[in-house]
Amino acid sequence: MKHPTPKATRHVNQNEGLIFEKSSPGKAAWKLPPLDIPEVDPAKLLGKAERKDLGHMPEVSEIEIIRHFTRLSTWNYAIDLGMYPLGSCTMKYNPRVNEVVARLEGIANGHPYQPEKISQGALRIIKTLSDCLLEITGMDGITLQPAAGAHGELTGLLMVRAYHEVKGNPRKKVLIPDSAHGTNPATAAMVGYAVENLKSNARGMVEVSALEAQMNEDVAALMLTNPNTLGVFEQEIHKIAGILHAKGGLLYMDGANMNALVGKVRPGDFGVDVMHLNLHKTFSTPHGGGGPGSGPVAIKKMLEPFLPKPVVISKPDGTLGFEYDRSQSVGRVRSFYGNFGMFVRALAYILANGPDGLRQTTEDAVLNANYIRKGLEGAYDLPYATPSMHEVVFSDKLQTKKGVRTMDIAKRLIDYGFHPYTTAFPLIVPGALMIEPTESEGREELDLFVDAMKSIAQEVEEDPQTVLNAPHTTRVSRLDETAAARKPVLRWKPA
Amino acid sequence: MLEAIGARSIDDLFAPIPAEYRLNRELKIPRQMAESEIVEWFQQRSKENGSEYTSFLGAGAYMHYRPVIIDSLISRGEFLTAYTPYQAELSQGTLQAIFEFQTMICELTGMEVANASMYDGSTAAAEAAMMAVRVTRRSSVVVAKSLHPEYREVLATYAHHQGMPLAIVGYSDNGRINVKELERTITPETACVLIQSPNFFGTIEDVLSIAEIAHKNGALLVVSIAEAVSLGIVEPPREADIVAMEAQSFGVPVGFGGPYCGVIATREKFVRQMPGRLAGQTTDPNGKRGFVLTLATREQHIRREKATSNICTNQALVALMVNIFMNVYGKVGLRELAKQNLAKTAYAADQFGKHAQILFSAAPRFNEFVVKTSEDPYVINGRLLGHKLVGGLPLKKFYPELGNAALWCCTEMTTRTAIDTAAGMLAESEAEEPTGDHAVEEVAR
């Protein structure tokens, strides 16, 4: 197989079985200190509650564990290896200083219930991050308690509902554009709202006349991603907000694409009432193979009474503390105060950037996306000509003529040394290729990516089978997902 | 690059944003800092955050030793900086690790399937209750008062708009759920009974008899486990239908409350009602074993408003910490570790019992115990702070009926010296006249 780009080459990686297949009695990687108090007899203390057998838990040595996970790690792609152009996922560089400061003794080992007097460091971190995020979003109040973006959506809609309930009518439904992320409708359902679909117009934006027709006193809120999942800024956002507000509805903004706005425009200034942020997207906390995230929710003044409790307050003596006594709060959405370790990392990122750095980050992210758009125009179909912000969405329309679909192109991209872009989303673009480079990439990496994508487009014309059978360079070829779902094997069992 | 795009300036690219909304000033946030300044700033915060104290706090956040290889391994960029493993061919490392994680959680909990993680123990418990509602097609939930009070609060928040009434069942003199009250409270509409074991007081519940009551009434039993280390020596809730866990104890920093690692485990027959990601084994066209995310038709990106939950991002890297921890201690070490926790706690309860009342001693406990004093525990804790000790959690905030009671925790990290010092201070306080309550309470709260 030919390999037309210099980005990737094949290298040997190690085979590795399941850890259970390496286990044997007597191997161990642990050592406890001798007890400084008398031994106990578990049978006497626990009676029939004593556990006698830990089943098939592994018994392995330390170097076996190190090698096991190191070998597994080499089977992963990562930002540290190259561009990770997943649209709407904002896979940017994860600065290592963030990891260092998150592991400082008092920060890593502070207990959530330790007295406030000796928690001032953690409280200061929460307060400083909150203040920065309020300035960045242009909002009035914030909670950092939600553990992820979808959890933030839940929290935001709970506040929306509480707000309407206090006004005497919780209302019945939430409007969601057809381009929205799947968490939006799933969240609305969890808060007891019916979901009503809002169709996009030919430019990929909310059709204002449709919104006007659908808006009435049953609508609690519109959940809008801005820029939307096409990477398009909703230019009529002020009209959208106006239509909602005129009928007493609220504008919820999904902040998944905030990387296009930071330092350039503030949602609070264009009519947003409630929004969540994804610290693991916009603010560089590592995705870690799927989490942890953090989904702060920022709100306008009228939603402040409904914030989850506790909230951090400044006391008269200048110290910080938690306030629990909030009668209109929607309650708690998570134990303790949220994913505090992510707050530390996000704040370190903000401090490392400062005002100029954050603005430039946004500019670079938008510049990079437009550079890719320009580079791939012609090679791939661009279903919406509307200007792109931080991401660009192509479709596989030109390639389907040869029987090649977006997922095939994505898999072939792996052979060129890149992680695939987001496939088949947003749903309004059949066969979507959703590409978000972020600000982290330099021109060299972007050029490699454009070359790879163009080369694949050419392969589709000349040798579609190579693309259809991709990837060719990975440990495993395309895995049988249908069989996995039909007869699920979800755990190892001894032979 | 601008030239290649055909733009004159960077501002051209932001033209789609209406001019009146553009921010024409700098953000008012701290100025850009050098790496050395950032480290210095956080070192200062660390010092202000009790970095030199020895703590007797548990209550859902446990201080256990973290083997160093956990951070060595999770710091590898291939784990740290990878996305959710949707593209299986270049995510086999993460996927196999999740598969192994699921297996070990099953082995430890006595369940048949486990998911890849939930946000934490509190949301896992709430989602487990909602799952029970879907499985049974019943509406209400019976909750033990000895479930972590903050888990109960989260459950109440989630339940509010689900049409899911909650009924609370109290505890008896031995700290276990009040079985008679449970029998009276459970109805034909009860989807599940939700308990914690070891419960918030550290007391190990009689899971078998609670399961019998739940099942007799056609309800499921959901067991929340907040202290995972207990699984090394306490019989797992094999009779439960759903286990909702917090795995923080397994190698995850206490970290002022997060990120932690929730998990839901259950019976195979309920798997399609389970929330969260699942890794499954399959093969490629060459017959080679591999792993994929599976049963995605339960999830929001496929099912949208009909999904089992809205969860998307989970706690993957934290689950990897848990995974490595379980490998380090393994079949033998987990028991020995749990045994040390048991021993330290038994010793501390003995020592404290010389000077104060130890509540709930008629039932077995794991590594927490409730101490009732004549003096306000905030006052006692104020004195302990002066000795760089953080005393137990005063319970009046959550359980006013328990008066001057506090929840103390000992782990393998708690030294005899610390226990003896604290017990001595307790003796001192029991002997002394209480000092000016107000001032000390301010300090110890």
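Predicted model: local features only at pLDDT ≥ 70, side-chain atom pairs only at ≥ 80, totals over all residues.
Let me begin with helix α7 of chain B, in which 13 of the 16 residues are buried, so that this helix is largely enclosed by the rest of the structure. Buried here means under 20% relative accessible area, exposed means over 50%, and partly exposed is anything in between, with a 1.4 Å probe and protein chains only. Helices (H or I, at least four residues) and strands (E, at least two) are DSSP runs, numbered from the N terminus.

Residues are numbered from 1 along each chain as its sequence is written, chains are lettered from A and ligands numbered from 1 in the order in which they are written, and side-chain values use heavy atoms, with hydrogens and water left out.

Back to α7(B), which covers residues 121-136. After the helix comes R137(B), whose phi is positive, near 55 degrees.

Staying in chain B, let us look at T266(B), which is found in strand β8, residues 262-266. Is T266(B) buried or exposed? With a relative accessible area of 0%, T266(B) is buried. Contact means heavy atoms within 4.5 Å, and, leaving aside neighbours within four places in sequence, T266(B) is in contact with several residues, among them V113(B), M131(B) and D241(B). T266(B) and V113(B) are 153 residues apart along the chain, yet their C-alpha atoms are separated by 5.5 Å.

A residue of chain A can be set beside this one. A369(A) is found in helix α10, residues 340-376 of chain A, and at 0% relative accessibility A369(A) counts as buried. Once its neighbours within four places in sequence are left aside, A369(A) is in contact with M389(A), H390(A), E391(A), V392(A) and P437(A). The C-alpha atoms of A369(A) and L279(A), 90 residues apart along the chain, are separated by 21 Å.

The next topic is salt bridges. In helix α10 of chain A, R359(A) and E363(A) lie four residues apart, about one turn of the helix, and their side chains meet in a salt bridge at 3.7 Å, N to O. Of these two partners, R359(A) is partly exposed at 28% relative accessibility, whereas E363(A) is buried at 13%. An α-helix has 3.6 residues a turn, so residues three or four places apart point the same way. Another such pair is D447(A) and R443(A), which lie four residues apart in helix α13, residues 443-462 of chain A, with a salt bridge of 3.9 Å, N to O. Here D447(A) is partly exposed at 28%, and R443(A) is partly exposed at 37%.

Now to the interface, where the contact takes 194 residues from chain A and 179 residues from chain B. Buried area is the accessible area (1.4 Å probe) that two parts lose on being put together, summed over both, and between chain A and chain B it is about 16,400 Å², of which carbon and sulfur atoms give 64%. On the side of chain A, the residues R51(A), Y113(A) and L490(A) lose the most area to chain B, together 6% of what that side buries.

How many salt bridges does the rule find across the interface of chain A and chain B? The rule finds 13 of them. One salt bridge joins R332(A) to E153(B), at 3.2 Å, N to O. In another, the side chains of E107(B) and R491(A) meet at 2.5 Å, N to O. E107(B) lies in helix α6, residues 92-109 of chain B, and R491(A) in the segment after α15 (481-486) of chain A, so the pair joins two chains. E107(B) counts as buried at 11% relative accessibility, and R491(A) also counts as buried, at 12%. Finally, salt bridges that share partners join E99(A), R103(A), R345(A), R66(B) and D71(B) into one network.

Notes. Expected span 1.5 Å × (residues − 1). Salt bridge = Lys/Arg side-chain N within 4 Å of Asp/Glu carboxyl O.
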